[in-house]
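Visitor: Please show me the model. I would like to ask what stands behind each label.

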Amino acid sequence: MTPSALDMELRSLPMYSVRVGGDAEGDAGGDGLGCARAFLGWAAASLRTGRNFEVVEACLNLFLQIHGDVVSREPSLLPLLEEVRRAQRDAWGTLEALLHHTRALVDYVKS
């Protein structure tokens, strides 16, 4: 998927915080936030795999830029946001340790 196509897809996600019927596809909570739940669940699961950290971070950044106002007003999304934060912290810790290890190896080889 190209960056512009991803941008268009994220911008076109149906996001609203008004309770409507629970019949909407992907909206089991019936509150119009099924896409937000699905996206945040994907982000957390993807971060836990330890792969594509930069891609997930870029998508998460764009998602929050576009839909951050709705997400920030919804207390029902707080558990998912905490899950994403924990997964992000753990993934960054792993990546940071690898970067430090690589730098130490480079410094050793240079000397």
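**Labels and their grounds**

Guide: The crossing of H1 and H3 is right-handed.

Visitor: What makes the crossing of H1 and H3 right-handed?

Guide: A crossing is right-handed if the near helix is turned clockwise from the far one by less than a right angle, and left-handed if anticlockwise. H1 and H3 cross in the right-handed sense. This is a predicted model, in which local features need pLDDT of at least 70, side-chain atom pairs count only at pLDDT 80 or more, and totals for chains, interfaces and linings use all residues. Residues are numbered from 1 along each chain as its sequence is written, and side-chain values use heavy atoms, with hydrogens and water left out.

Visitor: Why are H1 and H3 called oblique to each other?

Guide: Helix H1 spans residues 3–11, and packs against H3 at about 40°, with the axes 10 Å apart. Axes are lines fitted to C-alpha atoms, for helices over the stretch in contact, and angles run from 0 to 180 degrees between N-to-C directions. Under 35 degrees is roughly parallel, over 145 roughly antiparallel, 65 to 115 roughly perpendicular, and the rest oblique. H1 and H3 are therefore oblique.

Visitor: Which residues make the contact of H1 with H3?

Guide: H1 brings Leu6, Asp7, Leu10 and Arg11; H3 brings Cys59, Leu62, Phe63, Ile66 and His67. Contact means heavy atoms within 4.5 Å. By class, six are nonpolar, one is polar and two are charged. Here Ala, Val, Leu, Ile, Met, Phe, Trp, Tyr, Cys and Pro count as nonpolar, Asp, Glu, Lys and Arg as charged, and the others, Gly among them, as polar.

Visitor: How many helices and strands are there?

Guide: Four helices and zero strands. Both are DSSP runs numbered from the N terminus: helices are H or I with at least four residues, strands E with at least two.

Visitor: Which residues touch the most other members of the largest nonpolar core?

Guide: Phe39, Leu40, Leu47, Phe63 and Val84, out of 23 residues. H2 (34–49), H3 (53–72) and H4 (78–110) each supply at least two residues of this core. H3 gives the most, with nine. Such a core is a set of buried Ala, Val, Leu, Ile, Met, Phe, Trp, Tyr and Cys residues joined through side-chain atoms within 4.5 Å.

Visitor: Why does Asn52 count as exposed?

Guide: Buried means under 20% relative accessible area, exposed over 50%, partly exposed in between (1.4 Å probe, protein chains only). Asn52 has 54% relative accessibility, so Asn52 counts as exposed. Asn52 lies in the loop between H2 and H3. Its phi is positive, about 55°, although Asn52 is not a glycine.
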